[in-house]
Amino acid sequence: LNRRLAEFGTTIFAEMSALALSTGSINLGQGFPDTDGPEEVREAAVRALREGHGNQYPPGPGVPELRTAIAAHQQRRYGLSYDPDAEVLVTAGATEAIAAALLALLEPGDEVVALEPYYDSYAASIAMAGGTRVPVTLRPDAGAFRLDLDELRAAVTPRTRLLLINTPHNPTGTVLTRAELTAVAELAVERDLLVVTDEVYEHLVYDGAEHIPLATLPGMRERTVTIGSAGKTFSFTGWKVGWVTSTPELVTAVRSAKQFLTYVASGPFQYAVAEALALPDAYFETFRRDMQTKRDILAAGLTEAGFEVYDTTGTYFITTDIRPLGETDGFAFCRSLPERAGVVAIPNAVFYDHREAGAPFVRFAFCKRAEVLKEAAERLRQLS
Ligand code: PMP
Ligand code: GLN
């Protein structure tokens, strides 16, 4: 393994899902729903397979039906206009979109300012692109993790090429506010930075919080690469259909890298996701409301079990602090949890460069059936 990748080892999600299987534990680690997405969308995939849509290489940028549906979704939800032919690119999940964007846009040695804790593929993709990550740590403030705007400004240097933003934010469950995003946008304009924004949890916001795409803010559309994923929005994480929307120049750049990563992927599923994106607003609202109920069940259970629970206003993750349980090391805690309680969780430290800053935090996923969440909470109550 080369030096760029040596520090990463095996992704925590593979390690923890294997542990869940081998111990028969409830897996609240890796974020995937235990209920598949809408029946009619599955049927659309079957129909595409049967009718021979997408069984051979689809077009490099994605099938036209899906690109049109992505553009229509951005227009309908956010008033953002994208040309389906020049400004939309279908990728093998958001993971490939992130990798291709960084591979396309970074020169070796360029700095990338990213919110810490960060989704684990960011660090690896920055490294594969020869970039240097510069983390800005989100810190607990009045019950939720927040971005310190002075720290963000201070992180930008003459070597900074781009800001890598994620809202709603995995693993903290924070949704960046309009004020925070405005500050990000002003900084990007002032320092002439590109922005890659991972908005895969765009439909999962709670308690009246609003997801605001960075590209909607002044001066941002022309410098922002926005990333979405059908895995999150339609509960088909195995289909690996993601997308990028941006300017023709930036989409062409991302496609230049993407064509040599997978070229194309997920042919028949692209047709099904095109139909899914056109589902009525009621689908998105019901999905969001159901997930909020699940959040409430797990948050209550974790609180009762003695964890400090941070507010989750977006995503399907809750970050907790284990210190009230007399624990300090999230890694050790998560490695022993299957044996002690039959539950798997993720140590947030893996999402930090400043590992000590993340040490006491542990992430639980709540995209599971209510009875599973209740059983997990019951098991965790036995811990103390
Ligand atoms: N970004 C974030 C913040 C995520 O949580 C995930 C999924 N875990 C991804 C990207 C990857 O999405 P996909 O499965 O579409 O590759
Ligand atoms: N995005 C999911 C999470 O954060 C898992 C993705 C993966 O397994 N790589 O849990």
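**Close-up views of a predicted model**

View 1. Around ligand 2 you will find Thr11, Phe13, Gln30, Gly31, Tyr119 and Asn170; a residue counts as near a molecule if its C-beta atom, placed from the backbone, lies within 6 Å of it. Sorted by class, this shell holds two nonpolar, four polar and no charged residues. Here Ala, Val, Leu, Ile, Met, Phe, Trp, Tyr, Cys and Pro count as nonpolar, Asp, Glu, Lys and Arg as charged, and the others, Gly among them, as polar. Residues are numbered from 1 along each chain as its sequence is written, while chains are lettered from A and ligands numbered from 1 in the order in which they are written. Please keep in mind that this is a predicted model, in which local features need pLDDT of at least 70 and side-chain atom pairs count only at pLDDT 80 or more, whereas totals for chains, interfaces and linings use all residues.

View 2. Across the boundary, 36 residues of domain 1 are in contact with 37 residues of domain 2, contact being C-beta atoms, placed from the backbone, within 7 Å. On the domain 1 side, the elements giving two or more residues are helix H1 (3–6), helix H12 (281–304), strand E12 (317–321) and helix H14 (355–358). Helices (H or I, at least four residues) and strands (E, at least two) are DSSP runs, numbered from the N terminus. H12 gives the most to this side, with six residues.

**View 3. Inside the largest nonpolar core.** Which members of this core touch the most others? They are Ala101, Val273 and Leu302, out of 116 residues in the core. A nonpolar core is a set of buried Ala, Val, Leu, Ile, Met, Phe, Trp, Tyr and Cys residues joined through C-beta atoms within 7 Å. Helix H5 (residues 93–105) supplies the largest share, nine residues. Both domain 1 and domain 2 contribute, with at least three residues from each. Beyond its neighbours within four places in sequence, Ala101 is in contact with Val196, Val225, Val244 and Val254.

**View 4. Strand E7 and its partners.** Six of the seven residues of strand E7 (residues 160–166) are buried, that is, 20 or more other C-beta atoms lie within 10 Å of their own; exposed means 12 or fewer, partly exposed in between, with C-beta atoms placed from the backbone. E7 pairs in the parallel sense with strand E3 (residues 111–116) over four bridges, and pairing requires at least two bridges found by DSSP. Thr160 of E7 is the bridge partner of Glu111. E7 also pairs in the parallel sense with strand E8 (residues 194–198), over five bridges. Here Asn166 stands opposite Asp198 in E8.

**View 5. An open antiparallel sheet.** Four strands line up in the order E11-E12-E15-E14, with antiparallel pairing. Strand E11 (308–309) and strand E14 (346–347) stand at the edges with a single partner strand each, so one side of each has no neighbour in the sheet. E12 and strand E15 (residues 361–365) pair over five bridges, with Asp321 opposite Phe361 in E15.

**View 6. A look at Tyr78.** Tyr78 sits in helix H4 (residues 64–78). This residue is partly exposed because 16 other C-beta atoms lie within 10 Å. Leaving aside neighbours within four places in sequence, Tyr78 is in contact with Pro213 and Thr216.

Conventions
Domains from an automatic or database assignment. Contact = placed C-beta atoms within 7 Å.
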